[in-house]
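Q: I'm new to reading protein models. Can we go through this one together, feature by feature?

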Amino acid sequence: MTEVIRLDQVTLYRRTQEEFSYDLKKTILTFLEGKYRQPTKKLILDQINFTVEAGEKIGIIGANGSGKSTLLKVICGILQPSSGQVRVRGDIAPLIELGAGFDPELSVIDNIILYGVMLGFPRQEMKDRVTSILEFAELKDYAWAPVKALSSGMTARLGFAIATDVEPDVLILDEVLSVGDESFKNKCQRRMDKLWGHNTTILVVSHGLEFIKQSCDRAIWLDRGKIRFAGSTDETIDCYLTSVQQS
Ligand SMILES: Nc1ncnc2c1ncn2[C@@H]1O[C@H](COP(=O)(O)OP(=O)(O)OP(=O)(O)O)[C@@H](O)[C@H]1O
């Protein structure tokens, strides 16, 4: 088996929300009082270690705020860990979640082409790919609109259409089942069934435990930024549910 993803001691701190909200009055008062607040940092991922072999389908579960989405962002390279190492072998598709990874000022078509170039679509295939992505995402009428004009649902559809059109080596999915209406969800499910049949390595975050149970080989339970349990999907979900029931 070939190792496709390896995380060694991955730790990530982020500044707390307080620091993001810029409050001029508070800043001036703090300055006048001569007090300088130390930047507060919150531990979001705490020494995460795991490996994924080619073709494995891994489910990541955990409560809200446990660090699942952050972990995916670190694997995709959108966020850099504060310490530790992430290695990914092969093509990794854009992370599918609301709005991530697009240039909001560029048109839908330009964004698709950018991804195409990044993922190495052959030049002669580009036109067909662009058309099939626009059709799948149901965004033909928005082809020349800037991505910032799309709703979050439309942006998520675009992300799903791009990432699953290319059949990448590694596919990272964040709550994909919540994208779009029922008919779009069914379309996504059919496409995922196809990808699941291939050798694509898939990491999927979902609160849908039944979906994880049916679709994944293994699962990882994240709890406040730490891996609390990793094992077979059944074992991991049982462990997680027992803890939820006890709390
Ligand atoms: N941009 C940010 N700046 C600071 N803290 C953040 C930021 N994004 C997320 N966090 C914090 O990181 C922690 C983990 O968030 P994350 O979104 O990864 O959790 P999650 O398990 O995916 O949650 P959910 O299931 O609700 O999507 C949370 O405490 C959250 O408040």
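Predicted model: local features only at pLDDT ≥ 70, side-chain atom pairs only at ≥ 80, totals over all residues.

Q: Is Ser-206 buried or exposed?

A: Buried means under 20% relative accessible area, exposed means over 50%, and partly exposed is in between (1.4 Å probe, protein chains only). Ser-206 has 4% relative accessibility, so it counts as buried.

Q: What does the side chain of Ser-206 reach?

A: Look for a polar contact: a pair of N or O atoms within 3.5 Å; within protein, one must be able to donate a hydrogen and the other to accept it, and residues adjacent in sequence count only if both atoms are side-chain atoms. Here the Ser-206 side chain reaches the backbone nitrogen of Gly-208, at 2.8 Å.

Q: Which residues are closest to the ligand?

A: A residue is near a molecule or strand if one of its heavy atoms lies within 4 Å of it. In this model 15 residues surround the ligand, and the closest are Lys-42, Gly-65, Lys-68, Ser-69 and Thr-70. By class, that shell has three nonpolar, eight polar and four charged residues. For those classes, Ala, Val, Leu, Ile, Met, Phe, Trp, Tyr, Cys and Pro count as nonpolar, Asp, Glu, Lys and Arg as charged, and the others, Gly among them, as polar. Helix 3 gives the most to the shell, with three residues.

Q: How far is the side chain of Lys-42 from an oxygen atom of the ligand?

A: An N or O atom in the Lys-42 side chain is 2.6 Å from a ligand oxygen. For Lys-68, a polar side-chain atom lies 2.8 Å from an oxygen of the ligand, and the side chain of Ser-69 has an N or O atom 2.8 Å from a ligand oxygen. Taken alone the ligand exposes 630 Å², and the protein buries 69% of that; such areas come from the Shrake-Rupley method with a 1.4 Å probe, and for residues only the protein chains shown count as cover.

Q: How many disulfides does the structure hold?

A: A disulfide is a covalent bond between the sulfur atoms of two cysteines. The cut-off used is a pair of cysteine sulfur atoms within 2.5 Å, and the structure holds zero disulfides. The sulfur of Cys-188 is 16 Å from the closest cysteine sulfur, in Cys-216, so it is too far for a bond. Cys-188 counts as buried, at 1% relative accessibility.

Q: Which residues in helix 5 are buried?

A: An α-helix has 3.6 residues a turn, so residues three or four places apart point the same way. In helix 5 (residues 126–136), the buried ones are Met-126, Val-130, Ile-133, Leu-134 and Phe-136. They sit on the same side of helix 5 because they cover an arc of only 165° around the axis (the arc is that of the directions from the helix axis to the C-beta atoms). On the other side of helix 5, Lys-127 and Asp-128 are exposed.

Note on methods: Residues numbered from 1 in each chain as written. Heavy atoms only, no water. Helix = DSSP H or I, 4+ residues; strand = E, 2+ residues; numbered from the N terminus.
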